[in-house]
Amino acid sequence: MQKLNFPHYHFRFKNTENSSSIFDIVRKKFVILQPEEWVRQHVVRFLNETKGYPLSLINVEKQLLINGLRKRYDIIVFNSDGSVRILVECKAPDITIHQHVFDQIAIYNRDVKSSFLMVTNGMSHYYCHMDAKAEKYHFLKEIPDFNR
């Protein structure tokens, strides 16, 4: 897998004849290592090891019901009261981040009501703070640390 624009993290891998897997520290199991999963695992480590969010507040790949359709979010970080602090959308490194990706995460966020959004392909990272009343997002230099 290619080097991503994140600090260096240590991962556990498992190889079989047909595939490679990476250990997901949130789901506590090996998952197939695809390019998007490589990005997702870096984001989990970034949020936990760099930004200080406890693993107990991080949730990965759960189902949402959006306008009657089943969708999956990549990563959600909760506040200790159960509200959503950060909603993350991960794309494979070869996927260019366009407006439609922001539209996708904004649609998910109508139901999730996260304070912050992160969109990344592992190479480029975009951070936003949501203004729920105005239904707009404001770009940030970085996502806040846990202790803020």
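Three strands form an open sheet in the order E1-E2-E3, and their pairing is antiparallel; here strands (E, at least two residues) and helices (H or I, at least four residues) are DSSP runs numbered from the N terminus, and two strands pair if DSSP finds at least two bridges between them. At the edges of this sheet are strand E1 (13-15) and strand E3 (29-32), each of which pairs on one side only. Direction ignored, neighbouring strands of the sheet are turned by 35° against each other on average, where axes are lines fitted to C-alpha atoms, for helices over the stretch in contact, and angles between N-to-C directions run from 0 to 180 degrees.

This is a predicted model, in which local features need pLDDT of at least 70 and side-chain atom pairs count only at pLDDT 80 or more, while totals for chains, interfaces and linings use all residues. Residues are numbered from 1 along each chain as its sequence is written, and side-chain values use heavy atoms, with hydrogens and water left out.

Strands of a sheet pair through backbone hydrogen bonds, either parallel or antiparallel. E1 and strand E2 (residues 20-24) pair in the antiparallel sense over three bridges, and within this pairing Phe13 stands opposite Ile22 in E2. Helix H1 (residues 35-50) packs on the sheet and touches E1, E2 and E3, and its direction makes about 25° with that of E2; contact means heavy atoms within 4.5 Å. On the other pairing, four bridges join E2 to E3, which run antiparallel, and Asp24 stands opposite Lys29 in E3. The hairpin of E2 and E3 has four residues between the strands, and in it Lys28 takes a positive phi near 55°.

Asp24 lies in strand E2, whereas Val26 is found in the loop between E2 and E3. Are these two residues buried or exposed? Asp24 is buried, because its relative accessible area is 0%, and Val26 also counts as buried, because its relative accessibility is 19%; the cut-offs are under 20% relative accessible area for buried and over 50% for exposed, with partly exposed in between (1.4 Å probe, protein chains only). The side chain of Asp24 reaches the backbone nitrogen of Val26 at 2.7 Å. Val26 and Ser56 are 30 residues apart in sequence, yet 7.9 Å apart in space, C-alpha to C-alpha.

| Residue | Residues in contact (heavy atoms within 4.5 Å) |
|---|---|
| Asp24 | Lys29, Val31, Glu37, Gln41 and Val60 |
| Val26 | Val44, Leu55, Ile58, Asn59 and Val60 |

**The six-stranded sheet**

An open sheet of six strands has the order E4-E7-E8-E9-E10-E11, with mixed pairing. Strand E4 (58-60) and strand E11 (136-140) stand at its edges with a single partner strand each, so one side of each is left without a neighbour in the sheet. Neighbouring strands of this sheet are turned by 25° against each other on average, direction ignored. Strand E9 (residues 116-120) and strand E10 (residues 125-131) run antiparallel and are joined by five bridges, with Phe116 opposite His129 in E10. H1 packs on this sheet, touching E4, strand E7 (75-78), strand E8 (84-90), E9 and E10, and its direction makes about 150° with that of E8. Helix H2 (residues 99-112) packs on the sheet as well, touching E7, E8, E9, E10 and E11, and its direction makes about 145° with that of E8.

**Nonpolar cores**

A nonpolar core is a set of buried Ala, Val, Leu, Ile, Met, Phe, Trp, Tyr and Cys residues joined through side-chain atoms within 4.5 Å. The largest such core has 28 residues, of which Val43, Phe46, Leu47, Ile58, Ile75, Ile86 and Val88 touch the most other members. E2, H1, E4, E7, E8 and E9 each supply at least two residues of this core, and the largest share, six residues, comes from H1. A second, separate core of 15 residues includes Leu64, Ile76, Phe102 and Ile105.

**The chain as a whole**

The secondary structure of the chain comes to two helices and 11 strands, and from the N terminus on the elements run β-β-β-α-β-β-β-β-β-α-β-β-β. Buried residues make up 45% of the 148 residues. The C-alpha atoms fill a box of roughly 50 × 35 × 25 Å, taken along the principal axes.

Technical notes:
Polar contact = N/O pair within 3.5 Å; in protein donor to acceptor, adjacent residues only side chain to side chain. Lists of a residue's contacts leave out its neighbours within four places in sequence.
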